[in-house]
Amino acid sequence: MTAIRDLHNVRTRPAEDATTPLTDEEERRYRALLFSELGNEIADKGWVRYPAHTREDRRRLVDVAQRLTAHWGQRVTVEAEDHCRLRLCLAGHETGPKPLP
């Protein structure tokens, strides 16, 4: 005969491919890094591609584009190149390199 045990204080573990949310400090530092690195590349060539696999990734990049627009006083646009990559462009550089296949 098999006994059934009650499980107390048992928590499920997230799937191995699940991401854990960043702490507030990590999020702030990551956005500052994106602002600096992507901003430098946009300043150099007028546009940049960056991966955006999750909704949160896309939100971060839109926020970075808005912050760069406010910082430079020139519009930085965001457009999806495909389902996992966004392109940030300085106004006037939208006709740059075509999206990757």
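**Note on charged pairs and cysteines**

1. R49 is partly exposed, its relative accessible area being 22%. The classes are as follows: buried is under 20% relative accessible area, exposed is over 50%, and partly exposed lies in between, with a 1.4 Å probe and protein chains only.

2. The structure is a predicted model, in which local features need pLDDT of at least 70 and side-chain atom pairs count only at pLDDT 80 or more, while totals for chains, interfaces and linings use all residues. Residues are numbered from 1 along each chain as its sequence is written, and side-chain values use heavy atoms, with hydrogens and water left out.

3. The side chain of R49 forms a salt bridge with that of E81, at 2.7 Å from N to O. This pair connects distant parts of the chain: R49 belongs to strand 1 (residues 47-51) and E81 to strand 2 (residues 76-82), 32 residues apart. A salt bridge here is a side-chain nitrogen of Lys or Arg within 4 Å of a carboxyl oxygen of Asp or Glu. Strands (E, at least two residues) and helices (H or I, at least four) are DSSP runs, numbered from the N terminus.

4. E81 is buried, at 12% relative accessibility. The side chain of E81 also meets that of R85 in a salt bridge, at 3.1 Å from N to O. R85 counts as buried too, at 19%.

5. R31 is buried, with a relative accessible area of 18%, whereas D63 is partly exposed at 22%.

6. D63 and R31 also belong to a network of salt bridges that includes E27, E56, D57, R59 and R60. Over the whole structure, the search returns 13 salt bridges.

7. What does the search for disulfides find? The count for the whole structure is 0, where a disulfide is a pair of cysteine sulfur atoms within 2.5 Å. As for the cysteines, C84 is partly exposed at 21% relative accessibility, and C89 is buried, with a relative accessible area of 0%.
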